[in-house]
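Subject: Model for your files

Hello,

Please find the model below. My notes on it follow.

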Amino acid sequence: MFKYLLRRLNLFLATSLVMVGVLFYATGLFPVDRTHALTGIHTPTASQLVQIEQDYKLDKNQAWQFIAYLQQRLSGNLGISVTSHQEVAEELSAVLPASFELAVMAAIIAICFGVPLGVLASQSQHKLTQNTIMAITLTGYSVPVFWLGLYLSLWFGVDLGWLPISGQINLLYEIKPITGFMLVDTLLSESEYGMSAFKDALLHIILPATTLAVLPFTVVVRSTRSAMMNVMNQTFIRAAEARGMHTGTIILRHALPNALIPVLKHLGLMLGSFASYAIVVEMIFSWPGVGSWLVSGIYQRDYTVIQGGILAVALLIIFLSILIEVLHTVFNPLSRKDLYATS
């Protein structure tokens, strides 16, 4: 197992190195001075120019410049934002929690609704029920996320007036950031309006989280159905049925835990698509996360923000993909058997 983890760590480092190399190459293609693209300083002074040349080894060849660029980025020096004149690392740390909060809520919605529907689709004896569930998932997978977000905003926010359609919380509430997660901060707040602020933040997150959850929801339903149909035909399930165990007990205790293992793998494969969907959803609902921050930087040609946002999103996708693969190997006995057989 140690060799396997070491190989996964090497894969993470190698993939991250290639990604940083692509970003380094892209800085030379930006239609601005290289010092501006690297640091975000538009008109540096003479002393700043000397410091930039020393930090990024601009007087040496490309190999040394890449090593210096790698050192600066991995040390947390992502440059200065051209628009806000703030450290990009500070801005990134301020918007990351909102994106994480939205992604976690979307994942909870997708799993809580997707797994039961997948089990129902696999165990139902009625063709109408199966076809209806599969039609819903196919429709959800095919609907463009930007159209769905705008339609939900128009229906629930404008026409019915049930839910807010922009922002993370009403501006009337002043919640001191503690963890960065608005739902958690409202509960930890000592304000007398803390519970009211929590309800308002919960209402704000419903529409964007629901929109973002559609894609993983369809994947969870289809993969759960396929995995359950495969597991229910296994020998140990038939043995449990022969012992007279209740069908619900067999599904919950024996079939479902084994069926969720391939579901985990499918979720890991769709992280890239999920991240791109999240950027669109954040823009539609004015959610103050990494996606809207990155798109705003693109509109304003803030090259350090673009590099910082792409670096953060890419590293997270690479890390989570490898983490899910490791978890899949840990929880899947067949993968462990193959692993030990080959090591």
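Trp162 sits in the loop that joins helix H7 (145–159) to helix H8 (182–188); helices here are DSSP runs of H or I with at least four residues, strands are runs of E with at least two, and both are numbered from the N terminus. Trp162 counts as exposed because its relative accessibility is 56% (buried is under 20% relative accessible area, exposed over 50%, partly exposed in between, with a 1.4 Å probe and protein chains only). Together with Phe146, Trp147, Tyr151, Trp155 and Leu160, Trp162 makes a nonpolar surface patch of about 690 Å². Patch members have over 30% relative accessible area and no salt bridge; nonpolar side chains (Val, Leu, Ile, Met, Phe, Trp, Tyr) are joined within 5 Å, like charges within 9 Å. A salt bridge would be a side-chain nitrogen of Lys or Arg within 4 Å of a carboxyl oxygen of Asp or Glu. Areas come from the Shrake-Rupley method with a 1.4 Å probe, and for residues only the protein chains shown count as cover.

This is a predicted model, in which local features need pLDDT of at least 70 and side-chain atom pairs count only at pLDDT 80 or more, while totals for chains, interfaces and linings use all residues. Residues are numbered from 1 along each chain as its sequence is written, and side-chain values use heavy atoms, without hydrogens and water.

For the protein chain as a whole, the secondary structure is 15 helices and zero strands. Of its 343 residues, 41% count as buried. The C-alpha atoms fill a box of roughly 85 × 60 × 40 Å along the principal axes.

Helix H11 covers residues 247–269; its 23 residues should span 33 Å at 1.5 Å a residue, and the end C-alpha atoms are 31 Å apart, which agrees (the expected span is 1.5 Å times one less than the number of residues). H11 has a kink of about 45° at Ala255, shortly before the proline Pro257; the bend is the angle between axes fitted to the seven residues ending at a residue and the seven starting there. Among the buried residues of H11 are Ala255, Leu256 and Ala259.

Leu215 belongs to helix H9 (residues 194–231) and is buried, because its relative accessibility is 7%. Beyond its neighbours within four places in sequence, Leu215 is in contact (heavy atoms within 4.5 Å) with Tyr141, Met270, Ser273, Phe274 and Tyr277.

Regards
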